[in-house]
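Hi everyone, thanks for coming.

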Amino acid sequence: MKTMKFLLLSWFFSLFLPGEKPAHAQANRFTLSGYVSEAGSRELLTGVAVYVPEQKVGTTTNLYGFYSISLPQGQYQVVYSYIGYEKHLLDIRLDKDMELNISLVQGAELKGIEVKASAEAKESESVRMSRIALPVLQVKQLPALLGEKDVFKVLQLMPGVQKGTEGASGLYVRGGGPDQNLIILDDAPVYNASHLFGFFSLFSGDALKSAELVKGGFPARYGGRLSSVVEMNMKDGNKEKLAGEAGLGLISSRLTLEGPLVKDKASFLFSGRRTYIDLLIRPFMKLEEGVGGYYFYDLNAKLNYDFGSRNKLYLSAYFGRDVFYYRYRGGGSWDRDELRSGFYWQNATTTFRWNHLFNKRLFANTSLIFSNYHLVLHAEDKSDGDFFKLKYLSGIRDFALKSDFSWFPDPAHQVRYGLVMTQHRFRPGAYTVNANYMDIPVDETVRIDALESGLYAEDEIRLGEKIKLNPGIRLSSFVSSGVSYVFPEPRFSSSYALGERAAAKASYALMNQYVHLLSNTGLGLPTDLWVPSSSVTRPQRSQLVAAGYAYDFAEPRLSLTIEAYYKWMDHIIGYREGASFLVFNDPESAEQVSWEDNITAGMGHSTGLELLLQKKTGRLNGWVGYTLSWTRQQFDELNNGRTFYARYDRRHDLSLVCIYEISEKIVASGTWVFASGNPMTLPLALYQPAPYSHVFQSFWGGMEIYNYGEKNAYRMKNFHRLDLSIQFIKKIRKGIRTFEIGLFNAYNRRNPFFYFLERSYSPGGSTTVLKQVSLFPLIPSISYNLKF
Amino acid sequence: MKMYKILIMKRVLVFFGCLAGLALNSCTEMVTDIDLPVSDPSLVVNTYLSPEDSLILVVLSKSQPLNQVWTETDFSKAVVSLVSSQGSMVIPYDQVIGNIFSLPVSAYPLQPGNTYTLQVSLDGFETVYGSTTIPPVINTMVEYTGMTRKYDFDMEQFYYFLNFSLTDLPGQDNYYYARCMISRSWDTTYFEDLYEDRGRLFLSDKNNDGGKLYYSFRTWEEDIHSVRMILYTTDEAFYRFHRTFFSFSGDDPFAEPVVVYSNVSNGLGAVGSYRLYEYTIHL
């Protein structure tokens, strides 16, 4: 109720914030505001730099393409610039409040090639640090496993972000685990962002307008996870004409359609992807011998209606599912045997958003959000008149209300405040078992409800021409099953200009995480389980300090950022030694072994140095990213209380990314990655210690155990890989077609996926050999895309 | 079809043929051998000292590096000695049991609160040693809190939990282990042990100093005459070694590896100690 009151008060208060009239009184200052969209589609653009050189002030468009800047009366030139689009210059006479809606033209004539566009956004001009805005179009130009474009795989190429194992799409940011990333799509959290056991993420980029990774210096508007925020927004849909994109790949096909519903007012977007290996092999399988298969699909849809500059409505949804199935029908008419089994996991999100402009300096967005993730295992067996049915389900479901306000009182301040309330329903395990020979069917469901809230305020302050600050505070709370937590979370970012092209930056952020992912594989398996904080499992907490330097080279246009960070993490969770997630998920033992018995809490710290040299424009563009880092953890109940390297500790991580436009019709790209070996716990010897026993003369033996030495003391082999691709682009009558050939792991490096021990026997005795399993050899791919 | 188109088609086919061949060739040998880190065998020593026991027993063995072939070792030549403020005492090899060194407690009385260091030397191995301080106080604050009944759907019969509560000794780190026995009405003198998941029977008072700790033992027996609980007040090494040892889950690839505790320098195993308290109640 308190949070609801706050929300209502925020709205009430917002009505009285200085708007149009008081601005006139403030020394003849007037407000220039409006929306920036893409010419040809009217897609609102996020992050467009709006700069007034005479005043040396600027701002950027928000998520909804809105900007607002207040200036003294006068004549100005206003520059609108955005990566991939032609710069737009406009001379204005500001003697009253002005609304200017701008359309930017894509930078290249041939729209398949976005690499040679101009851009003025400078790393040294932003107060924020540890933030990476990923051009979605770039995702489509880089090589990918089996040609499946993947936003997360590209994020893994950035410094401070590491991959887990070969081919996996999980993100390990600054020593944090994959559970510590807040992944949001149009304000809705996505709880399991992977397909095919983590080899692909949900996000191919087709339906996305923007993707941004924040790995530190978190503004107060973000909360709920320790390590990063991946914020993605779907395209609104073309308001001017019907357009689309279709793709045919080795394992999947894609189709995106967008177009106007009401010209210039309402539009739609629909995007879908499905794999089809199961359909291709299906004709070769017989039901009598068993039919099995796997597929996944994604569906994105969005509708929007523009009521004018004051009100806009958006309704967006995502639905994706992975399905494994097996069916068998055998026997004759007397002894018929029929089995249907399988499992699937699915994400569904829905967001209803309302943009409201109170006045030219106060913008609000309110979202109603739904998110649901669940895993279902099912089996149904009919045999000789008997039947048996089993269904197991685990998951998490959210309903949330979020309201964000942006207030632009003057060029020296940009204030944001707001609130989010999320009602979580956790289902760590629910199962039903029914059979004709059971007197009472089993129907057990565990449900845990929780309410998570956060209210925040932050201000982006400009002190003179050199200093920019972004202080903020977030008050987060969590209530569930008799426990409640309330924590203030201070946030701070600052930037000090060192000349025209350089800046020194520093930031601090305290974060709390109230939901935990139980995972002892780190692979992002669907069996990983979300659970809430409780009186036993306290909220995880991190504190991150970072300092950095940014420099923008004039020619060639390169931007360099160097950041050093230190992160403390408290109450992080891990599996107890000996705990097995297979036992954990076994309904037989669920009664006796609760999930809290399987986990233990500890602390960790991570420190590192990151370097990013980036060329965002020109025919040759790309980046070099390097991370040097150490991540250690200490749990009282792991490794006998001694500190150890985290599973995702990585000493060196290097990425070279290059996109080269050979001509307007040919684009080549390549990535080369190198990473130090992952730590793992490897047995060194076998031995047979003697525990105390009252049964066998004070000792009990017989069990041979491994001597592991220290936890995670062994390093896997280093990882490196080269991926290449070439795109042939041609303008055809109805659009642009792109034909792509890719080589994943071009020099066929055998990178470690996992290790196992194999005992070999000889006349002299037995010895053990360590085996490395690699997953992906050289894999060629081919795909065809049509944009119309 | 024109000739140049046929040539292009051929080139495309050759190109994709090469790619496919390359991919097929690279699919082989995805499992490769890796050198295991080199390690030497080390001595494994286990002993648990108690003033309430009649014997001091030391079990000796060795570890077997995974990349080496097993060789026999004659442990009878090892020199095993116990050192404390009471002086040094050599523990002789027990010819009867084998690989165990034993000494009557009466020959070297163990004192509560004293620290004892066990040292073992054997040619070909580094000398190993470990210390334990015998818990000075026995916890006697244990009580039987009753029996609860549950139904086992698999076995289609009731089973029972015998419940105990234990009040921790405040102001110090304490570690406990317990065993439970029952006698039946037809033979009240014979007490049979109830088996439990032993890893759950080792408790510590961490974050619960002076608080209550609980034990439950399961039985299917309905004819219970008496219940006997033996409470062990142990040192940290005894607790940590057994906690981790019983967590070991063999070769389960989905289980977290267990680093079994050791307080033996240059070697493996545990040197621990405990005190005993016996509590019997007639039902």
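This is a predicted model: local features need pLDDT of at least 70, side-chain atom pairs count only at pLDDT 80 or more; totals for chains, interfaces and linings use all residues.

Residues are numbered from 1 along each chain as its sequence is written, and chains are lettered from A and ligands numbered from 1 in the order in which they are written.

Let's begin with the domains of chain A. Domain 1 covers 2-121 and domain 2 covers 124-233; these bounds come from an automatic or database domain assignment. Where they touch, domain 1 of chain A supplies seven residues and domain 2 of chain A supplies six. Contact here is defined by C-beta atoms, placed from the backbone, that lie within 7 Å.

Now to a sheet in chain A. Helices (H or I, at least four residues) and strands (E, at least two) are DSSP runs, numbered from the N terminus, and two strands pair if DSSP finds at least two bridges between them. Five strands of chain A make an open, mixed sheet, in the order β9-β16-β17-β12-β13. Which strands stand at the edges? They are β9 (131-134) and β13 (188-189) of chain A, and each has a single partner strand, so one side of each lacks a neighbour in the sheet. Further in, β12 (residues 181-185) and β17 (residues 228-234) of chain A run parallel, paired over five bridges. One pair to look for is Asn181(A) with its bridge partner Ser228(A).

Most residues other than glycine have a negative phi. Ser130(A) is not a glycine, yet its phi is positive, about 55°. You'll find Ser130(A) in the loop between β8 (102-104) and β9 of chain A. His571(A), in strand β34 (residues 559-575) of chain A, also has a positive phi, near 60°.

On to the meeting of the chains. Here 49 residues of chain A contact 46 residues of chain B. Strand β49(A) gives the most to chain A's side, with eight residues. This strand, β49(A), also pairs antiparallel with β1 (residues 31-34) of chain B, over four bridges. In that pairing, Val773(A) has Val31(B) as its bridge partner.

Finally, chain B. Its secondary structure comes to two helices and 18 strands, and of its 283 residues, 31% count as buried. Now find strand β2 (residues 43-49) of chain B, where seven of the seven residues are buried. In a regular strand the side chains alternate between the two faces of the sheet. Both faces of β2(B) are covered: Leu43(B), Val45(B), Thr47(B) and Leu49(B) lie on one side, with Val44(B), Asn46(B) and Tyr48(B) on the other.

Which strands pair with β2(B)? One is β3 (residues 55-62) of chain B, antiparallel over five bridges, and the two form a hairpin with five residues between them. Another is β18 (residues 268-282) of chain B, parallel over six bridges. In β18(B), Gly272(B) is the bridge partner of Tyr48(B).

Conventions
Two residues are in contact if their C-beta atoms, placed from the backbone, lie within 7 Å. A residue is buried if 20 or more other C-beta atoms lie within 10 Å of its own, exposed if 12 or fewer, and partly exposed in between; C-beta atoms are placed from the backbone.
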